Amino acid sequence: MELLIVAGLTKSFKDFKAVKEVSFDVKKGESFGLLGPNGAGKSTTINMLTGLFPPTSGSIQIAGIDMVKEPKKAQGLIGIVPQEIALYQSMSAKENLIFWGRMYGLSGNMLEQRVAEALELIGLEDRAKDKVETFSGGMKRRVNIGAAILHRPELLIMDEPTVGIDPQSRTHILETVKRLNGEGITVIYTSHYMEEVEFLCERIGIMDHGRLIALGTIPELRETIGDRSRMIFAIPEGFSDSAVLSGMIPSEDVLFASQKLTVFHKQPQSILSSLVQKITETGAQITGVEIVEPNLESVFLHLTGRSLRD
């Protein structure tokens, strides 16, 4: 059963189309990853899903409720973990959670119970009375998650929740999301860390230039590049035109950006020495070579021509 149905979603800012006719659905209880390089339209899409931006055209339905026609009702089903910390720094973790719980309409024993459950889930019971301003970035982001789940949302939208935090907090957040999803909360997760998406998500949508260019499970997406590995050549100087390899490699399997030449091939070892020779003949200096087996990063790079962090 689909919890979220997005159809023909478009957003224009004057003459610029940030999102172009995006359509996808997310099943109840699913963990769905939304990926895209900077400027792909991912954040604008998230802002429309949460009701912050009205779409120029298209529709969003959450549990059968139209976000455009009944935004408050639809938003009541959503928990949002934004990129930025949305907490009051001079208040304690518990005070922040109480405040946000009241914003969701919780009160009395129910509010106390939900706050206690959230503190246990994010692992901060022992710091509940400490001011948020004394917390590390990772701890603040954990409180952000606690605030988003107080009202037990049906859909939890997490927009890059692990940016700039320590590895321990990152691991804790990923395990928390996994646990919430296992308890039945539907999750939409965006990240600049491909390994997080591979760990958490069952299906993935990839956006680029405002369009949804791929949609499927990780195995399905991997099939788009077959069993090809990628050879990554570090070339700091002397190389500018990947067309010199056109006689050896199809142009769609060659990418050159940020002083790195990436070549996709099923049998990289069989062609590696010939590629090195051809590249060095152009006067280029190769300072490193890496062979990477097919993975989600390979799919993303092949589809967009950019890495996720570009």
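Colleague: Which residue lies over the face of Tyr-193?

Modeller: The model is predicted: local features need pLDDT of at least 70, side-chain atom pairs count only at pLDDT 80 or more, and totals for chains, interfaces and linings use all residues. Numbering starts from 1 along each chain as its sequence is written, and side-chain values use heavy atoms, leaving out hydrogens and water. A charge sits over a ring if NZ of Lys or CZ of Arg is within 6 Å of the ring centre and within 35 degrees of the ring normal. At 4.4 Å from the ring centre of Tyr-193 lies Arg-170.

Colleague: Which residue lies over the face of Phe-199?

Modeller: The distance to the ring centre is 4.7 Å. The residue over Phe-199 is Lys-178.

Colleague: How many aromatic pairs are there?

Modeller: Rings of Phe, Tyr and Trp (its six-membered ring) pair if their centres lie within 6.5 Å; planes under 30 degrees apart are stacked, over 60 edge-to-face, the rest tilted. By this rule the count is six.

Colleague: What type of pair do Phe-99 and Trp-100 form?

Modeller: Their ring centres are 5.1 Å apart. Their planes stand at 80°, so the pair is edge-to-face.

Colleague: Is Phe-239 buried or exposed?

Modeller: Phe-239 pairs edge-to-face with Phe-256, 5.0 Å centre to centre. Buried means under 20% relative accessible area, exposed over 50%, partly exposed in between (1.4 Å probe, protein chains only). Phe-256, at 28%, is partly exposed. At 9% relative accessibility, Phe-239 counts as buried.
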